[in-house]
Amino acid sequence: MTKMFSPREETDNNHPQTVIGDGVRVEGKCIGTGHVTVRGEVAGTLKTSDDMVIESSAKVEADVEANNLVVSGEIKGNVHCHGQLQLMASGKIYGDVTTNVLSVETGAIIKGQCTTGTQSGDSAA
């Protein structure tokens, strides 16, 4: 899988990594500040001020917010990405998408409204 940014496989004190592994289901609000990788299932809300990777095995039924986001799995919920959203060929988003920069590989699916080029504080002129 092509990576848009370098994942922090090594955990350092300033940027802890959270991994929701295969076979794990998390329900409720997951809100944090570190890099997040999802391989399992999440239902509810998933939010980080850092980068997030939704791997091909992931099933997310949640509103998702991240700085940069790579999606290879499935998201059912609205997505807000402050930086770049990279939707890989196996990626599926069923919900509205708001991002500054969008990259979509052939075969990826978005079913919902998509707004790009937005940053907080932007307004139509």
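I looked up the order of elements. From the N terminus on, the predicted chain runs β-β-β-β-β-β-β-β-β-β-β-β-β. The count is 13 strands and zero helices. Elements here are DSSP runs numbered from the N terminus: helices are H or I with at least four residues, strands are E with at least two.

I noted the conventions before going on. This is a predicted model, with local features needing pLDDT of at least 70, side-chain atom pairs counting only at pLDDT 80 or more, and totals for chains, interfaces and linings using all residues. Residues are numbered from 1 along each chain as its sequence is written, and side-chain values use heavy atoms, with hydrogens and water left out.

Strand pairing came next. I took two strands as paired if DSSP finds at least two bridges between them. Strand β2 (residues 25-32) runs parallel to β4, joined by eight bridges. Within that pairing I found V26 with V42 of β4 as its bridge partner. Strand β4 also pairs with β6, again in the parallel sense, over seven bridges. There, G44 stands opposite A62 in β6.

I then checked burial and surface. Buried means under 20% relative accessible area, exposed over 50%, and partly exposed in between (1.4 Å probe, protein chains only). Of the 125 residues of the chain, 38% count as buried. The accessible surface is about 6700 Å², and carbon and sulfur atoms hold 44% of it. These areas come from the Shrake-Rupley method with a 1.4 Å probe, and for residues only the protein chains shown count as cover.

Which residues have the most contacts inside the largest nonpolar core? I found V38, L46, I54 and L69, in a core of 23 residues. Such a core is a set of buried Ala, Val, Leu, Ile, Met, Phe, Trp, Tyr and Cys residues joined through side-chain atoms within 4.5 Å. The elements that give two or more residues to this core are β3 (35-38), β4 (41-48), β5 (52-54), β6 (59-66), β7 (69-71) and β9 (79-87).

Leaving aside neighbours within four places in sequence, L46 touches C30, V36, V38, M52, I54, A62, D63, V64 and E65. For the chain, I read that 9% of contacts between residues at least 6 apart in sequence join residues at least 24 apart.

Last, I went through the charged pairs. Side chains of opposite charge can pair when their charged atoms come close. A salt bridge here is a side-chain nitrogen of Lys or Arg within 4 Å of a carboxyl oxygen of Asp or Glu. The structure holds five of them.

E55 forms a salt bridge with R39, the closest N and O atoms being 3.0 Å apart. The two are 16 residues apart and link distant parts of the chain: E55 lies in the loop between β5 and β6, R39 in the loop between β3 and β4. R39 is partly exposed at 27% relative accessibility.

K47 and E65 meet in a salt bridge at 3.8 Å, N to O. This pair joins strand β4, which holds K47, to strand β6, which holds E65, across 18 residues. K47 is partly exposed at 35%, and E65 is partly exposed at 22%.

How values were computed. Contact = heavy atoms within 4.5 Å.
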